[in-house]
Amino acid sequence: MNEEKASRSRGALLGWLIFGGTTLGVVVLGLLAGSILQRRAERDVARIQIIQPVAEWEADNAKWGVNFPREFNSWEQTKQMNDNTKFGGSGFKDYLGANPRLVILFAGFGFSKEYNSPRGHYHAIEDVTATKRVNEKTPATCWTCKSPDVPRLMAQKGVAAFYSGKFLPLKPEVKNPIGCADCHDPKTMALRISRPALIEAYQKQGKDITKATHQEMRSLVCAQCHVSYYFKDKKTNYLVFPWDKGMGSDDFDKYYEKDGFSDWTHPISGVKMIKLRHPDYEVWAQGIHAFKGVSCADCHMPYKAEGGIKFTDHQIRSPLYNMANSCQVCHRWSETEIKQRVEGMQVKNREVQDITEDALVHAHLAVGDAAKLGATEAELEPVRHLLRRAQMYWDYVAANNGMGFHAPQECARTLAKSSNMAQECRLQAERLRAKHGALQELPMPDISTKEKAWAFIKPYVDAQKAREDLKKKQEETKTKVALATPEGKMP
């Protein structure tokens, strides 16, 4: 009897346990279903809710932010100046102060006056207007990558007319820093190319950029600005990408050999120089991430999740600030291991850059001294030509952001080629010096600070300016004579 009663009690308890468990399961499933439905609703609302239509050339990023607050709020964070990474980051860096050799390498050119690291996109206008490289002669072309106001001005004035104007008169028109309209279509929000130079570069290669995939566009919108370029001539200042033969350093060498373009004449060595500008996209294209189809945005603008919404983080920055969402999506290593791996590549690249820069500085000084000792133009021409090419190869690596990380093997090869050319140039220049009376190798000046480097190049820069001013006056006089009547009187 007792056993039967105990059995009924156990059965009743089991029944209640089953009932309770079932009830709890139903509640959990109900909550889960509710959560899923809520997140789906959030996602659907985020996809279709356009509160305020955006005009075709709307440059005010805040007006886009009404419809896309998450993206806008993350974009606003580009104003933050985090602690710098070992070789990059969003804080301020004075490149000339950190590396005075650059003053010698860029002597006579604007980059020898001031050369700072780029901060976040939020600071683009502030940084470009504050630099000492800007003056009354600066072309409007220098605004091209700094603001979404630029596509509007290009549409109003025409692309060629915009390029041919001057920088300073446009300051009241260019107010909004790099943002939404630079990369997005205001009606569909699809990624789009807003700068003509990239489209034209594609056309010269026989490619149609409108056929690019969405994943390719996640890099191409960056390639509108994070590339090397030059101004076709001083009259039109038309922006051109040197991509006709490809995007590698050897392709650039072939391009400039055929084109014959030069940015300036070096006042010490007399070399007609080329200045590359941050070829980030080109160097990335030589690396493993490009080969694997990893876009710029995958690392620098990784996805974020908020509730049930997945969106792109527009706080464009070094992946080392956000390894969990960028690096660790693919690489199953700890943050410490990732950072060691990245910095290991960069430190090695920096070491080879140092070796190459020393060789280039010595070469400029040796060529300049050979000219001072009486070497002829015929003797100097091949040496100068070699030095021009050597510095272009070095700048392909030195000017790109990432300190070689985006394509470490290609950067090492390019620097090795540059260093070899620079040493060969230096050797030939020393032979010329000896031929014209030098009894010992040219000693290096003290350029341990940028101030000392500036003081060293000043006499050369002043002398070059004096020669240019004299040449200009002679040309003006020659023009007046040509316009004069046969009797020597102006008509």
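Analyst: Asp182 counts as buried, because its relative accessibility is 5%. Buried means under 20% relative accessible area, exposed over 50%, and partly exposed in between, with a 1.4 Å probe and protein chains only. The model is predicted: local features need pLDDT of at least 70, side-chain atom pairs count only at pLDDT 80 or more, and totals for chains, interfaces and linings use all residues. Numbering starts from 1 along each chain as its sequence is written, and side-chain values use heavy atoms, without hydrogens or water.

Where does Asp182 sit? Its place is the loop between helix H8 (159–164) and helix H9 (196–204). Helices (H or I, at least four residues) and strands (E, at least two) are DSSP runs, numbered from the N terminus. The side chain of Asp182 makes a polar contact with the side chain of Arg195, at 2.7 Å. Such a contact is a pair of N or O atoms within 3.5 Å; within protein, one must be able to donate a hydrogen and the other to accept it, and residues adjacent in sequence count only if both atoms are side-chain atoms. Set aside the neighbours within four places in sequence. Asp182 is then in contact (heavy atoms within 4.5 Å) with Ser147, Pro148, Pro151, Arg192, Ser194, Arg195 and Gln224.

Now the aromatic rings. The model has 24 aromatic pairs. Among them, Tyr163 and Tyr238 are edge-to-face, with 4.7 Å centre to centre and 80 degrees between the planes. Tyr163 lies in helix H8 and Tyr238 in the loop between strand E1 (230–231) and strand E2 (239–240), so this pair ties together parts 75 residues apart in sequence. Rings of Phe, Tyr and Trp (its six-membered ring) pair if their centres lie within 6.5 Å; planes under 30 degrees apart are stacked, over 60 edge-to-face, and the rest tilted. Tyr163 is buried too, because its relative accessibility is 0%.

One aromatic cluster is made up of Tyr95, Phe106, Phe109, Phe111, Tyr115, Trp264 and Trp394. Some of these names come back around Leu102. Leu102 lies in helix H5 (residues 101–105). It counts as buried because its relative accessible area is 8%. Leaving aside neighbours within four places in sequence, Leu102 is in contact with Tyr95, Leu96, Tyr115 and Trp394. The C-alpha atoms of Leu102 and Lys113 are 10.0 Å apart, and these residues are 11 apart along the chain.

Last, an open space. The second largest pocket has a volume of about 220 Å³. It is lined by 16 residues, and those closest to its centre are Tyr202, Glu216, Ser219, Tyr281 and Trp284. On a 1 Å grid over the protein atoms alone, a pocket is an open set of points where a 1.4 Å probe fits, with protein on both sides within 12 Å along at least five of seven lines; lining residues have an atom within 4 Å of a point. Grid points are joined across faces, edges and corners, and a volume is the space filled by probe spheres set on them.

Which helix gives the largest share of this lining? Helix H10 does, with four residues. Helix H10 (214–223) and helix H12 (280–284) each supply at least two. By class, the lining has nine nonpolar, four polar and three charged residues. Ala, Val, Leu, Ile, Met, Phe, Trp, Tyr, Cys and Pro count as nonpolar, Asp, Glu, Lys and Arg as charged, and the others, Gly among them, as polar.
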